[in-house]
Amino acid sequence: MAFKSVIEKGPSKVYIMANEAIARAALESDVKVYTTYPGSPTVEILSTFEKVLGHLDLKMELSVNEKVALETAAGASMVGMRSFVSMKSVGVNVASDALYVLAYTGIRGGCVLLLADDPHAHSSQSEQDGRWFGYTAYLPMFDPSSPQEAFDMVKEAYEISERWKTLVLVRTTTRINHQSGVVEIGEMKRTPYEKLSWDENRTSYNAVGGTAREGKKRLLKKIEEMTVLSNSTPLNRIEYFDGGKVHPGEPPDGVEVELGVITAGVPYNYTIEGLRKLGLKARILKVGMINPFPMDMVKEFLEPLKKVMVVEELSPYLENFVRSAALDANPSIEVMGKGFGPFSEYSEYNIPMLVEALSTASGIPMPMDYEGHKKKMEGLASILPIRPPGFCAGCPHRGTFTALKRAIGKTPIFFSNDIGCYTMLVLPPHSWSDSQLCMGASFGVAAGVNLAAREKVVVAIGDSTLFHAGIPGIVNAIHNNHDLTMVVLHNSVTAMTGQQTHPAHEKTVGGVDGKAIDIEGLLRALGVGKIVNVNSFQIRENVKQMKEALEYKGVSAIISHGECALYHFRNLRRAGARPVPYYVDKDMCKAPYNCIKDFLCPAISIDVDGKSYISPDVCVGCGECAQMCGFGAIKSTATLVGGENKAYYTKEDYDEYLNARNEHEKEVEE
Amino acid sequence: MKNENVVTIHIVGVGGQGALTVSKILGNASIEKGVPIIVSEVHGMAQRGGVVQTTIRLGDTISPLAFASDITVVVGFEPLEAYRAKGTITSDTMVIVNTDPISPVSVSSAGHKYPDVDEVLAELGRWSRKVYHLSGSEKAAEAGNSRVSNVVMLGALAGTGILPFSKEELDRSIRITVPEKAVKANIKGFELGYDVTVQ
C-alpha cells in the first residue's frame with residue numbers, strides 16, 4: 001500500500017503517486033510544520049500528511065486560506081524549523097501578498113512552497129501559469145516532469161532554501177500530481193519535534209522603505225549567485241535522442257543533429273515519446289530549475305543549431321528566455337514555439353500535438369491519418385449523452401437550491417455564485433449561475449451588481465469559502481448598505497476537495513479538538529439584519545422562510561444546515577449504520593417527473609414502464625425526492641415492513657429494519 | 001514507429017468505479033517484477049459522478065500519455081464511456097467492456113438517449129481488433145462482493161494474455177494491495193473475469 005511506502009524507513013523503490021512522493025520528500029527532509037488549504041490537484045499531499053500525523057513527530061494545520069498557510073510556514077521557518085506548504089495554482093494568488101515580501105525578508109529554516117498548476121482547468125477556474133511567480137518574485141523555482149523528479153526536487157529545494165535563506169517554489173501540473181510510478185525513495189531520518197528559542201536566534205524579518213530596499217539588494221545578490229547554480233546543476237541537463245533512446249550529454253562526434261528541443265515539466269516526456277514515434281534525432285535541453293533561468297547554458301546549446309523547438313504548456317515562459325538568448329548566441333536560428341503547428345497557449349499538450357509539430361519540423365510524415373481520426377472523434381462527441389459531474393445522492397445542496405428556486409419564483413435576480421460543489425450549478429443541465437470568479441468573490445461582485453442593476457442579488461457561498469475569503473466582502477456589503485441575500489451552505493466540511501474540516505468544525509486536522517466558530521454568531525456580530533436557519537433537507541418548509549429573507553431590504557442570510565452526503569454517510573457507515581433507500585410506489589406514480597426534472601439525483605431515472613425508478617444501490621435515503629412528489633408515490637422502503645417513513649436508521653434501527661425486510665422478501669417470494 | 005516494448009491500457013469509467021485500485025495492483029506487480037510503469041489519471045471531479053480516465057503504460061517509456069494507435073487495450077468500466085473512448089480505438093486495439101450501464105443525469109433529465117448496449121458492442125467491434133464483454137456486477141455478485149467488479153475487469157484484462165504478468169504474479173499483487181478482509185472476494189472476482197477472456 002502506498003501509505004506504508006510514505007512512512008517506511010527506506011531507502012527503497014516504491015510505487016506511489018507523485019503527490020505521495022512529494023509528501024515523502026518533505027518528511028525525509030525533516031519538515032516539522034506543514035500547512036495547506038485544500039485544492040485540486042494537491043489534495044493527496046494533504047491526505048498523506050494527515051495519515052502520517054499519528055506516526056511521525058510533526059505539526060500540521062489546515063489553514064483558513066492559502067495566505068495564512070504560507071505565513072504560518074514562514075513564521076515557523078523564521079524561528080528555525082523546516083516547513084512545507086502546498087496549494088493549487090490560484091491559491092498562490094491569495095498567498096502572493098506574503099510571497100513577494102518573504103523573498104525580501106528571507107527565511108531561516110528550510111521553507112518550500114509547492115504550487116500545482118492546472119492546464120486545461122480540469123478542476124480550476126483558470127489555466128493560470130504559476131511559473132511567473134518565481135521570476136517576478138525573484139524566488140528559485142523547480143519544474144519536475146515525473147514523480148521521481150518531484151521527489152528529488154523537493155529534497156534539493158530544502159538544501160537551496162537553507163543555503164540562500166530563501167523560500168523555494170516547486171511547481172507541478174495536474175499531469176504530474178496525479179501521475180503514479182516507481183520512485184526511489186531515500187532514508188527517513190527524523191529528529192524529534194521540539195520548540196526552539198526565538199530569543200537566542202533573533203533576526204529581523206521586516207520590509208518597508210529602507211529595509212525593503214536593503215532586502216531587494218540582498219535578493220538580487222542571491223539571484224545572481226543562484227544563476228551560477230542554475231547554469232551548472234544537473235537538474236538542467238543536455239541529452240541526445242538517437243531516434244530510439246535517450247543518452248545523457250551531447251551526441252557522439254561526427255553525428256549531425258539538426259533539431260534542438262528546449263523543454264520542461266511533463267511536455268519533456270511528451271517530446272521524447274513524439275521523437276520516438278517518428279524515429280527522429282534531437283539534442284534536448286531539459287530545464288528542471290526554471291528560475292533563475294540557465295541563460296548561459298541555453299546560449300551554448302543554441303550556438304550550433306539551425307532550429308530549436310520550445311515545448312511548454314500555457315504561456316511562452318521558456319520561449320521568451322530562449323528568444324532573448326538567441327539574440328546573443330545565434331540570431332538566425334529558427335525558434336519553433338507558440339504558434340508553430342498545433343502549439344498554442346491554450347490547454348494541455350499531448351502526444352499527437354508533439355508528433356504533429358515534430359513531423360512538420362522534420363518533414364517525416366505522421367504515422368497515421370490523425371486529422372481524419374480527430375474529425376471522427378469530434379463527430380462522435382456531439383451525439384453522445386454528456387456526463388457532467390453533479391450533486392451526489394443525499395447532497396444537502398439539492399434540497400437548498402430546489403427550495404431557493406421556488407422561493408425566488410419568477411422574480412428576476414442576479415445569482416452571484418462562489419467556489420465549491422455548488423459551482424457545478426453553472427454546468428448543464430442546471431445552467432443556473434450568473435457569475436462565479438474565485439474564492440469569496442460572490443460578495444464583491446454582488447456589491448457592484450447592486451450599484452449597477454435594478455434586480456435583487458442572491459449570493460451562494462459554502463461555509464469553508466466564507467471563512468477563506470468571504471468575510472471582507474460581507475463586511476463591505478453591510479457597511480456600504482447593500483441589498484443582498486446570502487445563502488450560506490453550512491455542510492460542515494470543505495466538501496469539494498475531499499471533506500476536510502474547516503473553522504466551523506469542532507475538530508481540526510487529525511481529529512484534534514478545535515474551537516468551532518459559530519457562523520450565525522459571526523454574521524449577527526457583523527450586523528446582518530435578517531438571519532434564517534433552515535434544514536437543507538426540508539424543501540417545503542424552507543420556501544416560506546427563504547422568502548422572508550429574500551424580501552428583507554439590506555443584507556440578509558439563509559443558513560442552510562445539512563452535512564455533506566459523502567462525509568455524513570461515510571461516518572454513518574463507520575458507526576455500523578446503513579442508509580435505508582426510498583422507492584417509487586408504481587401504483588401511485590403518475591410520471592410527471594418532478595423527482596427528475598431539475599432535481600437531478602443520480603439515484604433516480606425513468607424505468608422501462610415510463611415511471612420513475614430509484615436505484616436502491618445509489619439512494620442513501622435522504623428523503624428529499626419524496627417532497628417533490630405531489631402524489632406521495634415516493635416512500636422509504638422501511639414503510640414496506642411497517643417502519644417509519646424517515647431518512648435513515650441508527651445501527652439498532654437498521655438491524656430491526658433488515659430483519660423485517662428479510663421476512664418481507666421471504667413472504668413475497670412465497 | 002510503434003514501441004513494441006510498451007503495453008498501454010486505457011481505462012474509462014465513472015467516478016467511484018475503482019480504476020485507482022486496479023492501477024495500484026498493476027503498480028505493485030510492476031515493482032515485484034521490475035517492469036517500468038507510469039499511471040496517469042484525470043479525476044478532477046470524479047467523486048461527483050464525472051468521467052474518469054486512467055492511462056497505464058507498462059514498459060520502456062516515460063510518457064504518461066500515448067498516441068491513439070499505441071493504445072493496446074481500452075477497458076470500459078461502463079459501456080457509454082467505452083463508446084465515448086472510441087476515438088482512442090484503432091484497428092490494432094483490443095476492447096474489454098463492462099456491460100452494466102450507469103445512466104448519466106443528462107439521460108433522465110435533459111432528454112438525451114442512452115445508446116443501446118448491443119449496438120455499442122457491435123460498433124466497437126467494427127472499429128477494433130477484438131471486443132470482449134462481460135457484466136462486472138454479475139461476476140462481482142458471484143464473487144460475493146458487489147464492489148469487486150473493478151478487479152473482475154482486471155481479471156478479464158489479464159486473461160487476454162497481453163499483460164507482462166502471470167496470473168500468479170497478479171494474484172500475489174492483489175493480496176498485498178486490497179484490504180485483508182476483501183482479499184477472498186477480489187481473488188474470486190479476478191478469476192471469474194480471467195475465465196471470460198482466457199483462450
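Is A:Lys155 buried, partly exposed or exposed? In this predicted model, A:Lys155 is partly exposed, with a relative accessible area of 27%.

**Salt bridges**

Over all chains, the structure holds 41 salt bridges.

| Pair | N to O distance |
|---|---|
| A:Lys155 and A:Glu28 | 2.5 Å |
| A:Arg171 and A:Asp143 | 3.4 Å |
| A:Lys286 and A:Glu149 | 2.7 Å |

A:Glu28 is buried, at 7% relative accessibility.

The pair of A:Arg171 and A:Asp143 links distant parts of the chain, 28 residues apart. A:Arg171 is in strand β7 (residues 168-173), and A:Asp143 is in the loop between β6 (141-142) and α7. A:Arg171 is buried at 4% relative accessible area, and A:Asp143 is buried at 2%. Both residues take part in a network of salt bridges that also links A:Asp117, A:Asp129, A:Arg131 and A:Glu312.

Helix α7 also carries A:Glu149, whose partner A:Lys286 lies in strand β12 (residues 281-286); the pair therefore ties together parts that are 137 residues apart in sequence. Both A:Lys286 and A:Glu149 are buried.

A:Phe401 is buried, with a relative accessible area of 4%.

The loop between β16 and α16 also holds A:Ser435, which is buried at 14% relative accessible area. Beyond residues up to four places away in sequence, A:Ser435 touches A:Phe414, A:Phe415, A:Ser416, A:Asn417 and A:Val445.

Elsewhere in chain A, one aromatic cluster is formed by A:Trp132, A:Tyr135, A:Phe293, A:Tyr317 and A:Phe321. In chain B, B:Lys130 lies over the face of B:Tyr132, 5.0 Å from the ring centre, and the charged end of B:Lys167 sits over the ring of B:Tyr194, at 4.7 Å from its centre.

**Cysteines**

The number of disulfides over all chains is zero. A:Cys392 has its closest cysteine sulfur in A:Cys395, 6.1 Å away, which is too far for a bond. A:Cys392 is buried, at 13% relative accessibility.

Notes. Residues numbered from 1 in each chain as written. Chains lettered and ligands numbered in written order. Predicted model: local features only at pLDDT ≥ 70, side-chain atom pairs only at ≥ 80, totals over all residues. Heavy atoms only, no water. Buried < 20%, exposed > 50% of the residue type's maximum accessible area, 1.4 Å probe, protein only. Phe/Tyr/Trp six-rings, centres within 6.5 Å; stacked < 30°, edge-to-face > 60°. Lys NZ or Arg CZ within 6 Å of the ring centre and 35° of its normal. Disulfide = S-S within 2.5 Å. Helix = DSSP H or I, 4+ residues; strand = E, 2+ residues; numbered from the N terminus. Contact = heavy atoms within 4.5 Å. Salt bridge = Lys/Arg side-chain N within 4 Å of Asp/Glu carboxyl O.
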